[in-house]
Amino acid sequence: MLRWMAWTPPVAIFFGVIGALLIGMTVWELRSPCVARRGWLPMATTRGDRLFIGLLAMAFCTLAFLAARTRVMTALGSSTPPSMWIGVAISVLLLLLVMRKG
């Protein structure tokens, strides 16, 4: 049934983390309802809004890193591109920044 999708370990980890984030945010919201607040984003946001914006930012950051891998490889004079885990780490830091300061 799921043979059409390339279920590699990074893909499974990605979807597992997204699922865990959604479950965790739901439990957090049920235990402690939040109030919209203003951070450095140009609008008042709730935790759920910041999670959504952060996930979108993560996706674009990861895609940008994926596109830049070959340029980074040639700029460093390496024969192998940098690990995709570096892009994932940068994306996670971006998500944490949006969730904290956004």
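These legends accompany close-up views of a predicted model.

View 1. Welcome to the overview: the chain holds three helices and two strands. Starting at the N terminus, the order of elements is α-β-β-α-α. The radius of gyration is 17 Å, well over the 13 Å that the globule rule gives for 102 residues, so the chain is more spread out than a compact globule.

**View 2. Confidence along the chain.** Before zooming in, take a look at the pLDDT values. The chain has a mean pLDDT of 86, and 96% of its residues reach 70 or more. Among the elements, the lowest mean pLDDT, 87, belongs to H1, while strand S2 (residues 44–45) has the highest, 91.

**View 3. Helix H1 beside helix H2.** Two packed helices are described by the angle between their axes and the distance between the axes. For H1 (residues 9–31) and H2 (residues 47–76), the axes come within 11 Å and cross at roughly 165 degrees. An angle over 145 degrees counts as roughly antiparallel, and H1 and H2 are therefore roughly antiparallel to each other. H1 passes H2 in a right-handed crossing.

**View 4. Residues where H1 meets H2.** Here we move in on the side of each helix that takes part in the contact. From H1 come Ile 18, Leu 21, Leu 22, Met 25, Trp 28 and Glu 29; their partners in H2 are Arg 47, Gly 48, Leu 51 and Leu 55. By class, this contact of H1 with H2 has seven nonpolar residues, one polar and two charged.

**View 5. Helix H2 beside helix H3.** The next pair brings in H3 (residues 84–101), whose axis comes within 8 Å of the axis of H2, with a crossing angle of roughly 155 degrees. That makes H2 roughly antiparallel to H3. The crossing of this pair is right-handed. Its contact residues divide into 16 nonpolar, four polar and three charged.

Terms used
Residues numbered from 1 in each chain as written. Predicted model: local features only at pLDDT ≥ 70, side-chain atom pairs only at ≥ 80, totals over all residues. Heavy atoms only, no water. Axes fitted to C-alpha atoms, helices over the stretch in contact; angles between N-to-C directions. Helix = DSSP H or I, 4+ residues; strand = E, 2+ residues; numbered from the N terminus. Parallel < 35°, antiparallel > 145°, perpendicular 65-115°, else oblique. Left-handed = near helix turned anticlockwise from the far one by under 90°. Contact = heavy atoms within 4.5 Å. Nonpolar A, V, L, I, M, F, W, Y, C, P; charged D, E, K, R; others polar. pLDDT = per-residue confidence, 0-100. Rg over C-alpha atoms; globule rule 2.2 N^0.38 Å.
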